[in-house]
Amino acid sequence: MWVNFLWRAALSPGRRAHSALAQLRCVLDRELEGIRGAGTWKSERVITSRQGPCIRVEGISGGILNFCANNYLGLSSHPEVIQAGLQALEEFGAGLISTRFICGTQSIHKNLEAKIARFHQREDAILYPSCFDANTGLFEALLTPEDAVLSDELNHASVIDGIRLCKAHKYRYRHLDMADLEAKLKEAQKHRLRLVATDGAFSMDGDVAPLQEICRLAAQYGALVFVDECHATGFLGPTGRGTDELLGVMDQVTIINSTLGKALGGASGGYTTGPEPLISLMRQRSRPYLFSNSLPPAVVGCASKALDLLMESNTIVQSMAAKTRRFRSKMEAAGFTISGADHPICPVMLGDARLSSQMAEDMLKKGIFVIGFSYPVVPKGKARIRVQISAVHSEEDIDRCVEAFVEVGKLHGALP
């Protein structure tokens with residue numbers, strides 16, 4: 001009887017739950033130790049100031065030059081953008097406490113959607129909490145098992161995840177390889193709709209999709225073109241409309257997804273813009289839209305003012321382009337390999353994960369905030385420090401960053 005009692009006690013729900021939790025902890029500890037052992041552990045530095053070219057970091061005295069933010073146009077702390085956010089907060093409140101279709105649509109949401117459509121010269125637009133949500137919401141709602149999607153192998157994780165969720169036939173073509181894309185398009189002719197999906201500018205490498213050739217192939221093989229413009233909206237192209245403007249194919253790209261969380265103020269939010277029937281379908285079927293709270297009014301106000309500033313003048317865009325060229329040319333002259341071309345994302349290619357992490361730490365000691373990127377964010381053997389140029393960096397800021405890279409690079413043997 002005593003044995004039976006012990007057996008029942010061992011199998012009690014409380015003990016089984018405790019055993020399962022202990023097993024989970026062991027599994028997680030092994031995973032975390034593996035990340036640390038591989039040198040790919042990602043720490044979070046705590047910023048104690050507003051975002052900008054010069055910031056304050058917890059535990060470090062003095063100002064730090066920030067060269068790793070998506071603050072391409074420097075609008076995150078622009079006084080007019082902040083004031084617009086405060087005004088929207090005062091007039092429309094802190095939040096909607098609702099999804100859009102229940103009681104979460106205000107006039108400022110509709111006004112911003114109309115402004116986004118005008119900016120991109122499209123028929124309509126729909127807002128999301130983030131562009132990740134826009135990407136995960138699009139493909140599942142649009143494509144069926146009768147359709148096909150053809151995706152660049154280095155597309156952003158949100159595009160990849162969005163495609164995984166849909167039931168369309170999936171084709172992956174080699175990065176920027178138009179011969180491979182054409183072969184996949186030929187193979188996909190048997191499907192109803194064919195959608196080519198690509199980043200406009202690739203966030204880890206700073207290279208730009210060959211949209212002219214993509215659009216030519218799409219027209220030849222009866223396909224539609226989707227572009228994720230998160231790292232292009234606001235600053236690529238003569239007036240900052242993005243890679244489709246830069247490459248002269250605005251009338252050939254069917255769908256654009258992009259973000260309010262980078263160049264356009266940097267708070268949060270994303271969107272889809274394209275044909276009006278497509279946007280109407282997203283409002284009916286896109287799960288992240290239907291099951292997420294509306295964007296907070298302050299975020300909407302900030303983004304709307306950022307778009308106003310951008311449409312009023314392209315001076316900021318031109319300033320950033322000049323500073324990007326300055327950084328790239330000086331770094332290459334010093335002996336570093338910089339991936340991409342003419343994009344403010346300037347990946348300093350190092351190869352080794354530990355090296356990129358150690359160099360980033362030593363850069364911080366010299367007053368420069370940069371981050372090392374390694375697997376799984378980038379492929380194994382492709383570790384780098386991703387530098388991002390902002391329009392609000394001064395030439396002196398850029399020169400100081402280059403000087404720090406040279407000193408740290410020599411210290412770690414990355415430069416002779």
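1. Arginine 216 is partly exposed because its relative accessibility is 40%, where partly exposed is the range between buried (under 20% relative accessible area) and exposed (over 50%), computed with a 1.4 Å probe and protein chains only. Its salt-bridge partner is glutamate 213, and the closest N and O atoms of the two are 2.6 Å apart. A salt bridge here is a side-chain nitrogen of Lys or Arg within 4 Å of a carboxyl oxygen of Asp or Glu. Arginine 216 and glutamate 213 sit 3 residues apart in helix α9, so about one helical turn separates them. Glutamate 213, with a relative accessible area of 27%, is partly exposed too. Elsewhere, salt bridges with shared partners tie Arg100, Lys110, Glu113 and Arg283 into one network.

2. A word on the basis of this note: the model is predicted, so local features need pLDDT of at least 70 and side-chain atom pairs count only at pLDDT 80 or more, while totals for chains, interfaces and linings use all residues. Residues are numbered from 1 along each chain as its sequence is written, and side-chain values use heavy atoms, with hydrogens and water left out.

3. Back to the charged pairs: the whole structure has 19 salt bridges. Side chains of opposite charge can pair when their charged atoms come close. One of the pairs is aspartate 244 with arginine 122, at 3.3 Å from N to O. This pair connects distant parts of the chain, 122 residues apart: aspartate 244 belongs to helix α10 (residues 243-246) and arginine 122 to the loop between α5 and β3. Both aspartate 244 and arginine 122 are buried. Helices (H or I, at least four residues) and strands (E, at least two) are DSSP runs, numbered from the N terminus.

4. Glutamate 33 is partly exposed at a relative accessible area of 48%, and arginine 36 is partly exposed at 42%.

5. Helix α2, residues 13-37, also holds isoleucine 35, which is partly exposed at 32% relative accessibility. Isoleucine 35 contributes to a nonpolar surface patch of about 490 Å², together with Leu21, Leu24, Leu28, Leu32 and Trp41. Patches are built from residues with over 30% relative accessible area and no salt bridge, joining like charges within 9 Å and nonpolar side chains (Val, Leu, Ile, Met, Phe, Trp, Tyr) within 5 Å. The accessible areas come from the Shrake-Rupley method with a 1.4 Å probe; for residues, only the protein chains shown count as cover.

6. Now for helix packing. The axes of α8 (residues 178-187) and α9 (residues 211-220) lie 11 Å apart at an angle of about 20°, which makes α8 roughly parallel to α9. Axes are lines fitted to C-alpha atoms, for helices over the stretch in contact, with angles from 0 to 180 degrees between N-to-C directions. Angles under 35 degrees count as roughly parallel, over 145 as roughly antiparallel, 65 to 115 as roughly perpendicular and the rest as oblique. The α8 and α9 crossing is right-handed, meaning that the near helix is turned clockwise from the far one by less than a right angle.

7. For α15 (residues 353-365) and α16 (residues 395-411), the axes come within 10 Å and cross at roughly 130°. These two helices, α15 and α16, are therefore oblique to each other. The crossing of α15 past α16 is right-handed.

8. Some backbone geometry deserves a look. Most residues other than glycine have a negative phi, and most peptide bonds are trans. Glutamine 121, not a glycine, has a positive phi of about 60°; this residue lies in the loop between α5 (107-120) and β3 (124-128) and is exposed at 58% relative accessibility. Aspartate 342 likewise has a positive phi, near 60°, in the loop between α14 (315-334) and β10 (345-351), and is exposed at 62%. A cis peptide bond, with omega about 10°, joins tyrosine 375 and proline 376. Proline 376 is in the loop between β12 (371-373) and β13 (383-388).

9. Finally, alanine 303 in helix α13 (residues 297-312) is buried at 2% relative accessible area.
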